[in-house]
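Me: I am new to reading protein structures. Can you take me through one, feature by feature?

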Amino acid sequence: MTRALPVLPVLVPLATAIACLALHAFPRARRAASVGGAVLLLLAAAALLRHVDAAEFAVLQVGAWPAPFGISLVADRFAAILVLLTGVTGLAVAVYSLGSIDGVREAHGYHTLFHVLLAGVCMAFLTGDLFNLYVAFEVMLMASFVLLALGGERAQLEGAVKYVTLNLLSSGFFLVAVGTLYGVAGTLNMADLARTLESGVAPGLSTTLACLLLVAFGIKAAVFPLFFWLPASYHTPPVAVSAVFAGLLTKVGVYALVRAFTLIFRAEPEFTDALILGIAVFTMVTGVLGAAAQFEFRRVLSFHIVSQIGYMVLGLGLATPLALAGTVFYLMHHIVVKTNLFLVAGLVKWLGGTLALESLGGIYKRRPALALLFLVPAFSLAGIPPLSGFWGKLVLVKAGLDAGQYLVTAIALAVSLLTLYSMTKLWNEAFWKEPPAPGPREDQPLPWTLLGPVVALAAITVAVGLAAGPVFDLASRAGAQLSDPARYVEAVLGPGAAR
Amino acid sequence: MTALLAVVIGILYGAGLYLVMRRSIVKLVLGLGLLTHAANLLIFTMGRVSRDGAPIVPPGAAELTAPYSDPVPQALVLTAIVISFGVQAFLLVLVKLAHRATGTDDLDALRSTDQ
């Protein structure tokens with residue numbers, strides 16, 4: 001059973017997707033299967049993290065083909081943490097979907113696609129093979145394409161055209177880089193690649209390929225200057241869909257960047273790290289400035305995804321063990337908070353009937369508890385102590401000062417002030433000011449399917465903030481693992497493989 | 001043969017990029033298709049193009065006799081072709097739906113989600 005742990009987070013959502021497809025004629029059973037599958041995924045992910053945290057690595061050679069000839073599934077602490085967060089987000093959004101996805105979308109396979117998406121995300125986190133990562137990306141993208149366009153509203157289709165085009169270009173770059181890398185190194189197993197490139201095969205070409213992958217993963221992660229597809233599409237689908245996109249999809253890009261630049265490409269770290277650091281700064285600044293100019297709830301949040309991606313990439317660019325721990329912690333904080341903010345946007349839309357800020361208002365007066373539920377993730381995003389975002393930023397700032405990057409650190413702090421400005425704007429417009437017209441559902445109680453996930457995610461945010469010590473210890477164990485790629489190579493290829 | 005394929009790949013990339021940068025949504029789809037073909041051919045070429053170089057161990061021998069073609073890139077290309085087939089099919093339907101919803105094939109007119 002322990003040996004099968006790395007494959008369970010892929011198999012469980014796939015089986016759930018098949019079950020949802022088989023239950024096509026039974027809507028109630030299909031919804032139950034969807035939530036049940038999400039619960040199972042969360043349990044499998046928790047078991048995996050528990051095992052990996054003690055044993056450092058869980059490796060499964062699929063079909064018992066020895067590495068590097070077969071496909072390896074590898075869970076280190078970083079991957080296991082992200083799989084657990086996928087489980088948390090998946091369950092929250094699966095429950096939220098029950099109350100917010102209409103019958104037509106459900107009948108056209110919403111639940112099936114949702115679980116295929118989760119399977120793709122988990123596979124991307126767990127695979128130890130670069131071509132398999134490409135396949136995982138495509139699985140995830142196909143599901144996300146259809147989820148984005150499902151329903152066929154005009155805005156959705158316009159957003160989908162941009163999203164699909166940019167993501168296909170990115171896949172094309174990725175494929176070329178994978179093919180050429182195989183031509184150079186003769187392997188696509190990530191551990192074997194790390195070992196081969198370390199020994200100095202074609203140093204110039206390998207840096208070129210690293211930059212090609214930086215572009216491919218950069219588009220997926222929505223870093224500067226490749227992020228324009230994100231704010232053009234993330235606010236168009238139903239709230240549940242944008243919440244799971246916001247929480248997970250760009251983070252798969254960040255994961256791929258971290259994996260590629262901590263494990264595979266360490267030939268010219270001065271060059272790539274400086275490049276990544278520069279990208280991080282511009283991503284933070286352009287994202288937060290873009291958000292300041294927006295007046296639609298979900299578009300403000302979309303630009304903030306971009307800005308927050310900058311913080312995660314910042315840790316990768318600094319590349320010290322502490323900075324990598326900061327990146328891991330920031331990912332843990334961000335996935336929960338960002339999903340929650342989009343879900344809160346859904347509650348606001350349910351009450352007010354719109355997400356255009358000028359038509360909203362007065363929620364604080366009528367629903368003070370809901371306003372508080374917005375403040376928890378919003379303050380956490382801006383980095384107010386003692387919520388989770390404060391600790392994430394603290395670690396990154398400390399790592400930046402330790403590395404002597406004073407200017408970069410100062411910019412990161414200024415960006416966090418501007419984040420607070422945007423959150424204040426959302427608060428003033430949607431919650432504080434007098435509404436221009438009363439919303440359509442002033443007196444109805446919020447359904448528990450919508451409220452439950454928001455409360456649960458807010459509770460996680462508070463808990464991570466209050467128990468920051470143990471959570472940070474876990475993140476720093478993951479960061480230590482990331483800064484020691486030789487251990488990863490030995491775990492996959494056998495002892496002594498890393499010389 | 002490899003040199004010829006390199007030129008073909010270059011032309012495919014050039015044509016694909018040109019089409020992607022046009023304003024017509026149909027040309028966008030065709031351009032993305034050409035870019036995928038270019039990527040697939042590039043990987044195929046990586047596996048060494050040669051006649052009579054099947055990677056089969058001859059009877060009685062312990063290992064392959066050089067020169068032989070590497071089968072892995074061909075397996076990769078097969079996977080990539082299948083994936084790109086699915087993506088292209090989806091893209092055509094998406095473009096048709098978008099055209100029906102917006103009444104235009106001009107990408108510059110698809111701006112309503114940018115404000």
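Me: Which residues is Ser170(A) in contact with, leaving aside its neighbours within four places in sequence?
Reply: This is a predicted model. In it, Ser170(A) is in contact with Ala216(A), Ile219(A) and Lys220(A), once neighbours within four places in sequence are left aside.

Me: Which side chain joins that of Ser170(A) in a polar contact?
Reply: The side chain of Lys220(A) does, in a polar contact of 3.2 Å.

Me: Where in chain A is Ser170(A) found?
Reply: Look at helix H7 of chain A, residues 154-185. Ser170(A) is part of that helix.

Me: Is Ser170(A) buried or exposed?
Reply: Buried means under 20% relative accessible area. Ser170(A) has 0%, so this residue is buried.

Me: Now the two chains. How is the size of an interface often given?
Reply: It is often given as the accessible area lost when the parts come together. Between chain B and chain A, about 2,700 Å² is buried. Carbon and sulfur atoms give 78% of that area.

Me: Which helices of chain B each supply at least two residues of the side that touches chain A?
Reply: Helix H2 (25-46) and helix H3 (71-102) of chain B do. H3(B) gives the most, with 15 residues.

Me: How do the residues on that side of chain B divide?
Reply: There are 24 nonpolar, seven polar and three charged.

Me: How many residues are in contact across chain B and chain A?
Reply: 34 residues of chain B are in contact with 33 of chain A.

Me: How many salt bridges does the rule find across this interface?
Reply: Zero between chain B and chain A. For polar contact, the count is one residue pair, both at pLDDT 80 or more.

Key:
Residues numbered from 1 in each chain as written. Chains lettered and ligands numbered in written order. Predicted model: local features only at pLDDT ≥ 70, side-chain atom pairs only at ≥ 80, totals over all residues. Heavy atoms only, no water. Contact = heavy atoms within 4.5 Å. Buried area = accessible area lost by both parts, 1.4 Å probe. Salt bridge = Lys/Arg side-chain N within 4 Å of Asp/Glu carboxyl O. Polar contact = N/O pair within 3.5 Å; in protein donor to acceptor, adjacent residues only side chain to side chain. Helix = DSSP H or I, 4+ residues; strand = E, 2+ residues; numbered from the N terminus. Nonpolar A, V, L, I, M, F, W, Y, C, P; charged D, E, K, R; others polar. Buried < 20%, exposed > 50% of the residue type's maximum accessible area, 1.4 Å probe, protein only.
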